[in-house]
Amino acid sequence: MAGTTLSTTSGISDQIQRYFDKKLLTQTLKTIVLDQFAYKAPLPGKAGHKTIRFFRYPESATTDVQTMTEGTLVTLGNSKQLSLTTVDVALAQYGQTVTISDLLSAVELFNTMEQATVQNGQDAALKVDSELRDVLGESTAIQLRYAGAATNYATVGGTDDAMTALDILDAATNLRVNNARPTGGYFTAIMAPEIARDLMNDDDWLEASKYGNPDQLFKGEVGRYMGVRVVASTNPFRQSTQHTYSAAASIYSTFVVGDQSYGGVNLATMSAYSPKMIIAQGPDKTDPLAQFTTVGFKFYYGSAIINANHAVNIYSVTNYS
């Protein structure tokens with residue numbers, strides 16, 4: 001005798017519906033860190049220009065200190081002359097919108113408007129991080145080094161070209177030789193998690209880690225070594241062609257930076273760090289029946305290398321698989 005079952009009886013299965021949990025799962029987000037270590041400055045509104053200029057007194061290569069003779073005046077012609085160097089940062093406008101239909105808003109299970117606002121904020125932060133990443137990775141002016149056994153960019157690619165603690169120490173030494181200033185007592189190495197894995201598997205790192213690390217203070221920080229704090233980012237600069245970003249490429253850039261080595265500028269009234277969400281709804285000539293609502297943002301931003309001698313780009317591959 002056949003009984004009434006869910007799997008075999010015609011029509012019965014229609015009453016069993018999928019249950020939708022109204023609690024959203026946690027969204028996967030990139031770890032982005034570059035804005036933490038960038039020199040930030042605002043361009044005031046109504047300043048009459050879309051480029052900002054920074055000034056710096058250059059490092060003295062020599063002195064004009066003279067031996068003096070008693071009673072003999074120092075002449076004006078022997079006075080040291082001061083000069084300034086400049087860095088110009090041009091700003092560009094960026095923006096994004098999410099368009100939501102009236103029908104979706106009427107029948108939605110989740111708050112689409114709220115999620116659109118959250119997503120826009122996340123995308124703005126990712127765009128800023130990518131701009132800073134690219135200005136470092138595309139730079140031909142900052143110091144270049146090669147991990148492991150590699151001696152130039154063309155030789156990066158073997159298993160011996162993974163990141164080591166010595167590479168981090170050498171990059172930090174490079175910065176110290178160039179009189180770069182640390183931030184909060186430390187230089188910062190910004191690298192992909194795969195590269196951090198290679199570093200933390202290195203014998204010198206393992207030996208140093210036995211003595212422990214101070215509390216991590218920055219987002220993405222995985223440890224500290226010889227005056228360098230190591231920070232992981234899942235938005236790294238990768239390339240097949242040097243200085244040209246490619247998301248799937250096998251050669252990674254690790255940036256070891258000092259204070260005021262790179263920076264970002266935004267228009268004070270159109271901030272990239274806290275973009276204002278703009279919600280447009282209601283009928284107009286392009287949407288006479290008010291069928292759509294748009295949620296968007298815009299900001300005005302520029303990034304630049306501030307001091308090329310105070311940043312190092314280490315090229316490496318990874319042995320992570």
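Me: Is Ile 52 buried or exposed?

Reply: This is a predicted model, in which local features need pLDDT of at least 70 and side-chain atom pairs count only at pLDDT 80 or more, while totals for chains, interfaces and linings use all residues. Residues are numbered from 1 along each chain as its sequence is written, and side-chain values use heavy atoms, with hydrogens and water left out. The scale calls a residue buried under 20% relative accessible area, exposed over 50% and partly exposed in between, with a 1.4 Å probe and protein chains only. Since Ile 52 has a relative accessible area of 12%, Ile 52 is buried.

Me: Which residues is Ile 52 in contact with, leaving aside its neighbours within four places in sequence?

Reply: Ile 52 has its place in strand β2 (residues 51-56), where strands (E, at least two residues) and helices (H or I, at least four) are DSSP runs numbered from the N terminus. Contact means heavy atoms within 4.5 Å. With the neighbours within four places set aside, the contacts of Ile 52 are Pro 42, Leu 43, Val 87, Asp 88, Val 89 and Val 265.

Me: On which side or sides of α4 do the buried residues lie?

Reply: In helix α4 (residues 193-200), the buried residues are Ile 195, Ala 196, Asp 198 and Leu 199. The arc they cover around the axis is only 155 degrees, taken from the directions from the helix axis to the C-beta atoms. They are therefore on the same side of α4.

Me: Which elements give two or more residues to the lining of the largest cavity?

Reply: A cavity is a set of points on a 1 Å grid over the protein atoms alone where a 1.4 Å probe fits but cannot get out, and lining residues have an atom within 4 Å of a point. Grid points are joined across faces, edges and corners, and a volume is the space filled by probe spheres set on the points. The largest cavity has a volume of about 50 Å³, and its lining includes Ile 190, Met 191, Ser 253 and Phe 255. The elements asked for are β6 (187-191) and β10 (251-257).

Me: What is the volume of the largest pocket?

Reply: A pocket is an open set of points with protein on both sides within 12 Å along at least five of seven lines. For the largest pocket, the volume is about 320 Å³.
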